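Dear colleague,

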Amino acid sequence: SFGWCSAPYHLMSWALSCLQLRQFYENLELITDKKGKELLIDQLNLPYKKVRIELDDLDLGEIPVLWVMKKIYSYTLHEEPFLNVDGDVYVYAPFPKELLSGQLIAQNIEQDFDYYKELVGLINVSFPFVPKPIKEQIDKKKEIQASNAGILGGKNHAFFKDYFQVVEQFIAANQDQIRSLSPSQLVNFNAVVEQYIFHCLSADQGIEVNYLLDTVYDPSFFESFANFHHLPNDISFMHALGDYKKNGWVCDQLAHRLRLDYPEYFARVMDLFEKDGMESFEKTVPE
């Protein structure tokens, strides 16, 4: 289910995200492993132009819950401008040209989220190795900012190789401390690894980041973010981030959107789970 109410919604989200991107962009690329290719391409037949099976058998440390390591590694596989779009992001208009011209691109700045404060504090006092870009941000005692990676990319592909190297060194040197985090802390630690380190490193290197949403958002912003009912006329971009995936209303709206706009793909998802002997997926939505 990968954070969604149940597994069918996870695949519905991938389908809607891909299909909406395909409305505006032909050159869609999927970087995945063999299982991802079998599911998204062979079974759901999503219209990616290119599929790269690059993520099998990677030795990125032995902490399975740090799923973000494979995602960050995939950023290093580009030698040209690119934009990664998460499978829970839905676009109903092309991205602005000025956004796509950036050296680095991200969704928006997040500021003073409690879990960043908690985990950055732990990093500062208990992690034996803190990379210079992180340490300098901590020592400045400024508001803790991170770059939301619902979309992430840019022209500066060399930056992403540096970024992955910093992340890899950080994880390798602090494995004992990372393993001691609670399950909920480990979930949020993925955001620290991806979004906080990205922000710290881009600031350290003096590289400007083009943001799709140009406001600095605090946690209250996300109380009204996943508004499927505003698509496609009132808003043209949506990211069902975090706990929105566990919201039954959001899941219902996702299913309705896919069924309305792409009924054949909705049917493919449902057929896939019926073949696996799964009963009506509506029963999995929390009341």
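A residue counts as buried under 20% relative accessible area, as exposed over 50% and as partly exposed in between, with a 1.4 Å probe and protein chains only. By this rule Glu 274, at 52% relative accessibility, is exposed. Glu 274 belongs to helix α11 (residues 263-275); helices are DSSP runs of H or I with at least four residues, strands are runs of E with at least two, and both are numbered from the N terminus.

The model is predicted, so local features need pLDDT of at least 70 and side-chain atom pairs pLDDT 80 or more, while totals for chains, interfaces and linings use all residues. Residues are numbered from 1 along each chain as its sequence is written, and side-chain values use heavy atoms, without hydrogens and water.

Arg 52 lies in strand β2 (residues 50-53) and, at 16% relative accessibility, is buried. A polar atom of its side chain is 3.3 Å from the backbone oxygen of Leu 77. Leaving aside residues up to four places away in sequence, Arg 52 is in contact (heavy atoms within 4.5 Å) with Glu 29, Leu 30, Ile 31, Thr 32, Leu 77 and His 78.

The axes (lines fitted to C-alpha atoms over the stretch in contact, with angles from 0 to 180 degrees between N-to-C directions) of helix α7 (residues 157-173) and helix α9 (residues 183-204) come within 10 Å and cross at roughly 130°. Residues meeting there include Phe 159 and Tyr 163 in α7, and Phe 189 and Leu 201 in α9.

Yours sincerely

How values were computed. A polar contact is a pair of N or O atoms within 3.5 Å; within protein, one must be able to donate a hydrogen and the other to accept it, and residues adjacent in sequence count only if both atoms are side-chain atoms.
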